[in-house]
Amino acid sequence: MTTWNLPEDRCFDPEPATRRAALNLYHSIQNLPIISPHGHVDPALFADPHASFGTPADLLVIPDHYVFRMIHSQGVPLESLGVPSVDGSPVERDHRRIWQLFADHFHLFRGTPSGLWLAYEFKFVLGIEEQLTAHNAARIYDQIVERLASPEFRPRALFEKFNIKVLATTDSASDPLNAHRALRASGWPGRVIPTFRPDAVVNLDTENWHAQIEALSHASGVAIGDYASFLTALKARRLAFRQLGAVATDHGVFQPQTASLSEEEAGAIFQRALQGQLQPGDAPRFTAHMLMEMARMSCEDGLVMQVHCGSFRNHHPDTLARFGRDRGYDIPVQTEFTHNLRPLLARYGTDPRLTLILFTLDETTYARELAPLAGVYPALRLGPPWWFHDSWNGMRRYFDQVMETAGIYNTVGFNDDTRAFLSIPARHDLWRRAVANWLAGLLVRGFIGNDEALEMARELAYDLPRRAYRLEQPPATLN
Amino acid sequence: MTTWNLPEDRCFDPEPATRRAALNLYHSIQNLPIISPHGHVDPALFADPHASFGTPADLLVIPDHYVFRMIHSQGVPLESLGVPSVDGSPVERDHRRIWQLFADHFHLFRGTPSGLWLAYEFKFVLGIEEQLTAHNAARIYDQIVERLASPEFRPRALFEKFNIKVLATTDSASDPLNAHRALRASGWPGRVIPTFRPDAVVNLDTENWHAQIEALSHASGVAIGDYASFLTALKARRLAFRQLGAVATDHGVFQPQTASLSEEEAGAIFQRALQGQLQPGDAPRFTAHMLMEMARMSCEDGLVMQVHCGSFRNHHPDTLARFGRDRGYDIPVQTEFTHNLRPLLARYGTDPRLTLILFTLDETTYARELAPLAGVYPALRLGPPWWFHDSWNGMRRYFDQVMETAGIYNTVGFNDDTRAFLSIPARHDLWRRAVANWLAGLLVRGFIGNDEALEMARELAYDLPRRAYRLEQPPATLN
Amino acid sequence: MTTWNLPEDRCFDPEPATRRAALNLYHSIQNLPIISPHGHVDPALFADPHASFGTPADLLVIPDHYVFRMIHSQGVPLESLGVPSVDGSPVERDHRRIWQLFADHFHLFRGTPSGLWLAYEFKFVLGIEEQLTAHNAARIYDQIVERLASPEFRPRALFEKFNIKVLATTDSASDPLNAHRALRASGWPGRVIPTFRPDAVVNLDTENWHAQIEALSHASGVAIGDYASFLTALKARRLAFRQLGAVATDHGVFQPQTASLSEEEAGAIFQRALQGQLQPGDAPRFTAHMLMEMARMSCEDGLVMQVHCGSFRNHHPDTLARFGRDRGYDIPVQTEFTHNLRPLLARYGTDPRLTLILFTLDETTYARELAPLAGVYPALRLGPPWWFHDSWNGMRRYFDQVMETAGIYNTVGFNDDTRAFLSIPARHDLWRRAVANWLAGLLVRGFIGNDEALEMARELAYDLPRRAYRLEQPPATLN
């Protein structure tokens, strides 16, 4: 039997002095509570005290596009992996067969972050000692089924075991937040909070935009008939999110274009959208303008503003048609910040009320644009390495390319950004190891002293996200 | 006498555990046969059993733009290095003087891949122990002349000594492939195969495009009078290439633009080209369309499709006018894949019949675009680091930036891509060392286990190119 | 008391063999004279033998945008840091309070190049053993005041103590160079030379362009009434700079666009500029043309041509309005060299009279464009990592990405490019450590031998800038 390869000092540089220093720093932060200020876990998991994770395939394969995209890349159709279709085409329903396919292709994850996370989840979360192979797949499936049946593997129990201090979900502006309400009403003390994401309504070219606007009207109780009432509805929803604990908004944009339109122009575009008569250029101009409006509202209500940039979503049309969104076919593009963000930064970049956190999929912007911007604009902070770059090497490149110019204090620690709840401790553990290893490298080279390294480790693991996301500030006045 | 500095454990990280692991992994793959599925060696070297390499300058200086561009960069005119002119201007004909110039400037190659390859060639191929200097240049020239005169230094003998399992050349669509025919007819068992490269005919703005079309007509036996007969001729040539063992096509493109034109539009553009009446935009649109057509034909005939992107060729006009193409003045440009490849991938990206291998000169696309694309589209694979990036650091960056997202199984091992036949073992040796060193780094950090490392090493050195280029499949039906 | 953490072997890789080799190489170059061929130190510091540096805040905080931008990024207004305003708004005048703010925020510099430079300056230049903290700020302020009062801390004395062989300043084309004249007239032997920077007059959209042209007329004694007299004035100024020891020009450009206009077109655009009737596109076309003209004049008069590319200056409009230029709000942008430089390189790239040194803020161009260009065009050299990239990791990335393709001999050693005179030895020391560490890495991996490493270290620390900037050539004939 081959066991999971997870030595205590894994990931760290092999040079003995560095490894010792890294282990020492890691031990100082290893058990700090987890702050997860941005992610995509379903809040319903916690709303119902008896919620469970389903089958092993439900837990580790079907919802995780990191996992099924890799297997698919070697020619396995998505339907064989049980990925639900949206067009009614049949997909595999036998979760044991899906699990066997997963095990058959497990070698594909060698040297990948998914491989690391999964090993951690099997061993430390599920208590499975044996490495998954094509041969033991069925036996391990049974073991996991057994684990998941026990009360200590219910979502709330794991939330507590994982020592999560706060977990933010991501919710559309028109979401009635029923799960969040139920969760609060249940009296369970876990801090699970929503995040306000208005993409579907501020992007006028959203496929079902009119339905989204209707949903926003409904959720806010504001009849949206023009631009002014649209803003009123957004403001009302921001307030509702804040009342349920939200500390932040989130904005997914293709390019971080920002622009300030006159009230008249914004109103006219919005009117054309309502009438289904958008003109070319209307939609991106309006989105660029709405980023400015969201910054303005953040100055007023204190919600931290997150912007995630640069994903060409649903790149493969057939897969979108058959399986819908979030199926692994999202591909990064070149992103430009220096020009694009200037209108917003010119107006709000030095406003002490604003915290704007940027995320990129284009690593070339780290040293060239983002670190220089965050290293001067008081309102600006850099988010951690994101998505494809949330990996050991991605973190190394981030530390290498960001920190000399931005300093750590203009960054915000880690986000796991995951919909795979079980991977949360694995991901934070990898970040903490990367932090420890990076600081150990600085320490053994004499760039920093040991006390500084210990302080910086704690900042990067815990204090920076706590402060950046204003998690311990009294809520802003709910006017 | 200073000897070549080529310790057994060269290149490997100095940390002892890593170095031991790297050496161990290297030894496991060091002697595997060489698969060279893409390159520019002249097949005539093997067609004639008595072919020789010429003088030492012919062997190592005159045909190798890596070498003469570096010396030229310090002010030495290309004519002094014996680079043949195309406009009749005189060039140095005394190969001993060329060799002396080469030796005088040998320090320029310190820390460069050419420096490493040359050291390997001098010592391990030519058996010259002494480092080349300005002082011993003449003596070493004589030693090489002596070596080259012996039968064991004939190209076929070296091919066998190098343990080359397959060597692919690159040949234009209209090439009659006489050397390949002669080679096959000779009964020599070395597997030297052509690769179908139709750039000159699918790029309507090729300088001598009409002559190229005529040559294609001639080679294919198809009178090309319209778009339909052009396609017929291409299909016929693909068949002829396959009959001589070809397994792949190759396409050199400036930007990897792909687009699908209607039959009518493609036909109309082709007609304008025949009549010398191209309109602005015709040529790039047609090339983009022809990439789609080539993918379609690959689905039908099973030829693997290679695309090499992003070289601004012949950047210095005077050098082009005086010395022609491939004179070291090819400079990379920014390249975009996510948008450009989408039409092709939308249609063929999940087709199980297609293998599309991408090469880039823009390393920023590794982590941002190429690894995410190859990590999901079943038809897509990533070629190894290419040209300026085929170096120790280039390989490190490739492993670092590609593998976490794509996994090794969406890559294809190594290409030497060289016209310098003598450098082939040196280049593959460097790749194998880079593979061993990268995997050793993963091993000593606990990312993978030893058995996994051994398997991955063999994949990267041998099995991945063998499978990706379909080298052991029965030839597709030659319909 | 915590002392500055500056071990003798700081920065070097911790692996013992590498560290030993690095230390050995470093010792071989540590005490070579400093060549500073590009920077922004005020020549007035040396013109007057009794000039002093002012207060500690004048010395280390107020003029150094690296320092105040970082503190500002955490919400401290520039006015609190004593940054002078241009609009009359009040700024802090109590330098002890500015110093206290600096000390309060000193942790922000952890792991940054400014942190390293400052530690060096405190300990090795100012002789302060104790680390600066919020608590000892006042005491250290007093210590520095005491130091600065002594004759050995006058600028000329430090220039000599720093062992500076040559220091180039940067001066506008219309600068009367009075400080340089006074400096020469004083008989002081320090070699402080001007550099010709004509940006303000060749960029027709310079805010106060007419005043700049008037100043150029005045300085040159040439009445500028048309394009021809403009060229005459520039030529006259280049001669005047050369007579005061200048060896180079410098050009700050947004994108390195080059283009050759006809005499007529250039003349017509210049005329429109004089008449205040510029048309869209005039200014960038003229600037692109003037880069060609500057290359032409460099071929004639032998001034080395430097081009610094890619900074979006004064990104924050309010800060520009209140505090003027160079306030930390300069942000890099993507830069393109392959297309943009082609017209200039097509004409002058192989001219043996020209040396063109390029600087970038876009590191993605190192391996993709700049190293391939410098590795073939005889006139081209690459400047060292610049501005945000003049850091330990920035240097590592530069060596990693440039040297394999360009070779060290197409680079020019180091520039400190600083206006902070006290940081000059700290910056050159960091470069020399980076050189030693990089070469040690090559040495222990067997890429180069020890003698080669020693030679390369000396080249990178001393000989390359000496030769590239033609510092020991007899001045070109002053015709």
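This is a predicted model: local features need pLDDT of at least 70, side-chain atom pairs count only at pLDDT 80 or more; totals for chains, interfaces and linings use all residues.
Local features are given at pLDDT of at least 70 and side-chain atom pairs only at pLDDT 80 or more, while totals for chains, interfaces and linings use all residues; side-chain values use heavy atoms, with hydrogens and water left out. Residues are numbered from 1 along each chain as its sequence is written, and chains are lettered from A in the order in which they are written.

**A buried glutamate**

Let us start with E404(C), which lies in helix α18 (residues 392–406) of chain C. Helices here are DSSP runs (H or I, at least four residues), numbered from the N terminus. A salt bridge is a side-chain nitrogen of Lys or Arg within 4 Å of a carboxyl oxygen of Asp or Glu.

E404(C) does have polar partners in chain B. Its side chain makes a polar contact of 2.4 Å with the side chain of S391(B), and one of its side-chain polar atoms lies 3.0 Å from the backbone nitrogen of N393(B). A polar contact is a pair of N or O atoms within 3.5 Å; within protein, one must be able to donate a hydrogen and the other to accept it, and residues adjacent in sequence count only if both atoms are side-chain atoms.

**Helix α5 of chain C**

Helix α5 covers residues 95–104 of chain C, and its buried residues include W99(C) and F102(C). The buried residues of α5(C) pack against α3, α4, α6 and α7 of chain C, where contact means heavy atoms within 4.5 Å. At the start of α5(C), a side-chain oxygen of D94(C) comes to within 2.9 Å of the backbone nitrogen of R96(C).

**Salt bridges**

Over all chains, the whole structure holds 87 salt bridges. Here are three of them.

| Pair | N to O distance |
|---|---|
| E265(A) and R285(A) | 2.4 Å |
| D351(A) and R353(A) | 2.9 Å |
| R272(C) and D282(C) | 2.8 Å |

E265(A) lies in helix α13 and R285(A) in helix α14 of chain A, so their pair ties together parts 20 residues apart in sequence. D351(A) counts as buried at 15% relative accessibility, whereas R353(A) is partly exposed at 44%. Finally, K235(A), E293(A), R296(A) and E300(A) are linked in a network of salt bridges.

Note on methods
Helices (H or I, at least four residues) and strands (E, at least two) are DSSP runs, numbered from the N terminus. Buried means under 20% relative accessible area, exposed over 50%, partly exposed in between (1.4 Å probe, protein chains only).
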